[in-house]
Amino acid sequence: MESLDLTLEYVMKGLVLRLSNVIEMKEITKIFPGVVANDKVNFSLEKGEIHVLLGENGAGKTTLMNILYGLYQPTSGDIYVNGEKNAIKSPTTAIKLGIGMVHQHFMLVQPFTIAENIVLGNEPAKAGGFRIDMKTAIDNVQKISDEFGLAVDPNIKIQDISVGMQQRVEILKALYRGAEILILDEPTAVLTPQEIDELGDILKNLTKEGKSIILITHKLKEVLSMSDRITVIRRGQVVDTLNTSETDADSLAELMVGRKVKLTSDRTEKQAGSVILSVKNLKIKDSRKLEAIRDVSFDVRAGEILAIAGVDGNGQRELVEALNGLRKIESGQVLISNVDTTHLHTKDINEIGVGHIPEDRQKRGLVMEYTLAENMILGYHKKAPFSKNGIMNYPEVHKHAKKLITEFDIRTPNENVKAKSLSGGNQQKVIIAREFYINPQLLIAAQPTRGLDVGSIEFVHKRLLEQRENNKAVLLVSLELDEVLGLADRIAVIYQGKIVGILDAKDATERKLGIMMAGGQLGEGDVSA
Amino acid sequence: MKTRFEKIWDSFRLPIFAVILGFVVGAICIVIAGSNPLVAYAALFQGSLGSITSFGETLYKMTPIVFTGLSVALAFRCGLFNIGAEGQYIAGSIVAIVTGWVFKDMPGIILIPMILIMGIIAGGIWGGIAGYLKARFGVHEVITTIMLNYIALHTSNYLVRTVLNPETLIPGSIREAFTVSVPEQAKLIKLNAILPQFTYSSAHIGIFIAIAAAIFIYFLLFKTTVGYEIRSVGLSPDAAEYGGISKQKNTILAMFLAGGLSGLAGAVQVTGLIYSVNQVSMLPGYGFTGISVALVGVNHPLGVLASGLLFGILDNGARQMQLAGIPKEITGIIQAVILIFIAGELIVKFISDRNKKKAIKSKEVE
C-alpha cells in the first residue's frame, strides 16, 4: 500500500512540478574517431524528477552526461538549460548554470574534514582573503546538510567516514556550489543495500526541495525503485523514454540489450558432494603487511557454488590470490581435492585442476598484447598438444583457439587479433573458454561479471551454473548481491578479513546480507551455518 | 585478415621510415656543410658495400653489435632493460683469454667451441647476477647492470695487468698493456682464407655465428615454451603469474641468456679479431651500440641482424666518406636521427597506449 501511496504522491507532484524541462538536449551527436558515441540523442529532464539514464557499458550514457557537464563538446545538437540555449564549454559553465556532478570515484581529500572538502576551491575568506573563514564554512555546510536531511557532521575527517557518507559529502559539495540539477554516475556501485536505500531517501528529499536528478546506471533494480522516468540508451541511440511506473525489469533489460534476456538463472535442486576445497584457519597479510584475512575457514563441495559476499576491500582479493598461490599464507591450511596446496606454486595448484577467473581480466587474466590464440593456452602452454619438449606447436594452438572461439561464441574476426582489441565481454569469454577447457575440479571466480553488459553477464552465469551441474566446485567472490543470491548455494559474508557467517541461500535475504556485510551480527536463529 | 607479409611490414615500417628520414636529415646537414649529399652517400656505400673487401670490413664491424643487439633485444622481450651488455662483453672476452691459455694445448676443433661456451657462461653469469638481484630483491636491473659494467671493466684491467699479462705467464716477456694472446689454433678462420676476394679484410667466420645466434634466438622466442614464457612475463607479468609462469625464474633466465649473448660477443671478438684483451680506460661501447641496434631492429632477432648491418655500413663507410671530404660525423648524425625518430615513435606509442588504457578504465567506470 505504501508503494501505491508513493506512486500517487509522485503523480501529484508530477502534475504540479513537471511544468517545464530544466534540461533539454536536442539531437545531440558526438562522434569520436571511428565511433558514434551519441547519435541524435534527445533527452529532457523535468523539474523535480529523478530521471535514469539506463544502458549497457559503452552505450553512450556517460558520454552524454559528460557533454551536459561540459567535459565534451557535442559534434552537433543543442542544449537548453531552463529553456535557454546554452553552449556548455566547460564544467565551470555547467556549475554556473546549476549543474553538479557526482562521479563514481569520489574526489575527496582524505585527511581534510567534511567542511574543508566541501568549501575547497570556494572558501569563504576573512582577513582580506588570506584566511579561510572556517566558522562560516562549517555553518554553511551544516545549514545545507540540515535543509536536505543529509545528516552530515562537517567536523569529521573524510578518512573516518563510510563510503555512503562520502557520497553524501559529494552530493553536498555539488549543492554547496548551487546545483539545481544533479548528475550521479553509478551511485550505487560502492554501497551496501542499506546505504542504497538511504541514498534513495536522500534523493527523494532533494526532489521535494525542487532539485532535479539524473542517475546514470546499468542496474535495473535500483532504476525501478528510485526513479520517475527512464531513458534507455543502446549503441548511442535513445531506444525509449518511459515512466517507471509503467515498466518492469524484464522489458527494460530487453530494451537495453535489444533481445530477450533471462534475468534469473535456473537452478536445480541438487545435493552437494564431497569437499573439494577446504580452507582452515587461514591467515594472510596484505601488501602492506597488515592482516587481510584473519582466521578464515570454509569448505566448498562438489556440485556447489559457495559465494563470498562483502563490500570491496575486506580481504577478498588477498584470499583469492592466496588460494591461487600468488600470496604467501601466514598460517592455516588449504586443501584442494585432498592435496595440501597451502605453500604450492600457482603452476602446481593449476595442475590439480583449478581454474581461475581473475578479478582484473586485463591485468591478471590476459596478456593484452598477445593474440587470442596465445592467450588461450596460457597456463597449459607446456602441455601436449600445444608443445612438445619445449617446442611450441602453433598449428595446434590455432586449431584450439578456433574451436574455443566457435564453442564460446567469442566475437572476433579471427584468433590472430590481440586480446586488447576485444570488448570486455569477449575478453571474459576468452578467459572462461581457457579455464573451462581444463575441466577444473574447482573454479575460483573473482567478480566474474565486473564491468560486463547484461548479455555477457547472462553468459557467465550460465557457465558457472553449468559447472555446478557437472558436479564441480565453484568459489564465487562477488560484490554484487543479486549475483550472489541468484547463483550461490551457500553464502559466506566477509567483513574485515573475517567470515561473519555462512548462510544457506534459501535463508539469505538482501537485508540479512547487508547487515552482515556492514559487520553486524544477526539475531539467534537467523544464522544457519 | 592480414597476410604474413603485411604483418612483417607492420612491425618494420617504423624503422624503415626512420632510416630513410635519417638519411634525408643527414643529406640536409651535408648540404649545409657545403657538400653534395649524393657524393657523400655514394662514398658511404662504396666504402661499405662497394667491393668484397669493403663488405668484409662491414661484416666484421657488425659482428659484435649483432650479438649485443640480440642481448638487449632478448632482455627487452622479458621487460628488462639490459644496459649491462658492456660488462657481459668484457666478462666473455676475459674468460675467453683465460680458457684459451689454460687449454692452450688442445686442438682448435675442441678449443674454439670451449672458448665460446665459456664466454657464454661468463657473460651469462654476469647478466644472471643482475637478473637474480631483480628477481630476489627487486633491485632494478638498470642500476645493477651499470654497476656490473664498471666492476667488469676494472676487474678486467686488473687481470690484464697482473695474472693474464705476458710478463706473468710467459717467462722472459716484458710487462704489456694487454693480455697473452689466444693460441693460434683457437683463432677463428678469416673469410679471406675461404674466399681470396676478401683480400686484406679482417672479416672472420664470427659473422656466421652471429647469424646463427639471431636465428636461434628467433626460434627460442617465437617457437618454444621458454620464449612464450619470457614474452608473457615481458608483456604482462601479472597475467603470466596467474598462468603459473614464474616471474622470478624467467627474469633470471632472460638475463642469463642476454648476458650469454654479450659474453659470446666478447669471446667471438677475442678469437676472431683482437686475440688479446687490452687494458682500457673506458667501456668498449659495443654494449651501448647494442641498445641502438636492438631499438632499430624493433627487438626482433632478424630485425637486429638487419640493423646490425646498417650500423656496420655507417661505421665502415664513414672512412670512405671522410676521404671524399665529408666529415665522418655525418654518420653519427644519421644514427642519432634514426634513433630519435624510433624513440620518439615509441614515446608517442607509449603515451597513446596509456591514454587508451585510461579510456578503457573510464569506459569501465561508465
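Which residues of H13(B) are buried? In this predicted model, the buried set in H13(B) is Tyr286(B), Gly287(B), Thr289(B), Gly290(B), Ile291(B), Ser292(B), Val293(B), Ala294(B), Leu295(B) and Val296(B). That makes helix H13 (residues 286-296) of chain B mostly covered, with ten of its eleven residues buried.

**An antiparallel sheet in chain A**

- Four strands of chain A form an open sheet in the order S2-S1-S4-S5, and their pairing is antiparallel.
- Strand S2 (35-46) and strand S5 (84-86) of chain A sit at the edges, each pairing on one side only.
- From one strand to the next, the twist averages 25°.
- Helix H2 (residues 61-68) of chain A packs on this sheet, where it touches strand S1 (21-32), S2 and S4 of chain A. The direction of H2 makes about 115° with that of S1(A).
- At the S5 end of the order, strand S4 (residues 76-81) of chain A and S5(A) run antiparallel and are joined by three bridges. Here Tyr80(A) has Lys85(A) of S5(A) as its bridge partner.

**A covered strand and its parallel neighbours**

- Strand S21 (residues 442-446) of chain A is mostly covered, and five of its five residues are buried.
- S18(A) and S21(A) run parallel and are joined by four bridges. One of the paired residues is His356(A), whose bridge partner in S21(A) is Ile444(A).
- S21(A) is also joined to strand S22 (residues 473-478) of chain A, by five bridges, and these two strands run parallel. Ala446(A) has Val477(A) of S22(A) as its bridge partner.

**Helix H11 of chain A**

- Thr346(A), Ile349(A) and Asn350(A) are buried in helix H11 (residues 346-353) of chain A.
- Why do the buried residues of H11(A) line one face of the helix? Seen down the axis, they fall within an arc of 100°, so one face is what they line.
- An α-helix has 3.6 residues a turn, so residues three or four places apart point the same way.
- The cover over these buried residues includes strand S16 (329-336) and strand S18 (354-357) of chain A, together with helix H11 (237-242) of chain B.

**Where chain A touches chain B**

- Chain A gives 32 residues to the contact and chain B gives 20 residues.
- On the side of chain A, the elements that give two or more residues are H2, H11, helix H12 (361-365) and strand S20 (391-392).
- By class, that side of chain A has ten nonpolar, 16 polar and six charged residues.

**Helices of chain B**

- Helix H4 (residues 85-102) and helix H5 (residues 108-137) of chain B have axes that come within 8 Å and cross at roughly 145°. The crossing of H4(B) and H5(B) is right-handed.
- Residues in this contact include Gly92(B), Val95(B) and Ala96(B) of H4(B), and Gly119(B), Ala122(B) and Gly123(B) of H5(B).
- The contact of H4(B) with H5(B) has nine nonpolar, eight polar and no charged residues.
- Just after H13(B), the helix that opened this briefing, Val298(B) takes a positive phi of about 40°.

Terms used:
Residues numbered from 1 in each chain as written. Chains lettered and ligands numbered in written order. Predicted model: local features only at pLDDT ≥ 70, side-chain atom pairs only at ≥ 80, totals over all residues. Buried ≥ 20, exposed ≤ 12 C-beta atoms within 10 Å, placed from the backbone. Arc of directions from axis to C-beta. Contact = placed C-beta atoms within 7 Å. Pairing = 2+ DSSP bridges. Axes fitted to C-alpha atoms, helices over the stretch in contact; angles between N-to-C directions. Nonpolar A, V, L, I, M, F, W, Y, C, P; charged D, E, K, R; others polar. Left-handed = near helix turned anticlockwise from the far one by under 90°.
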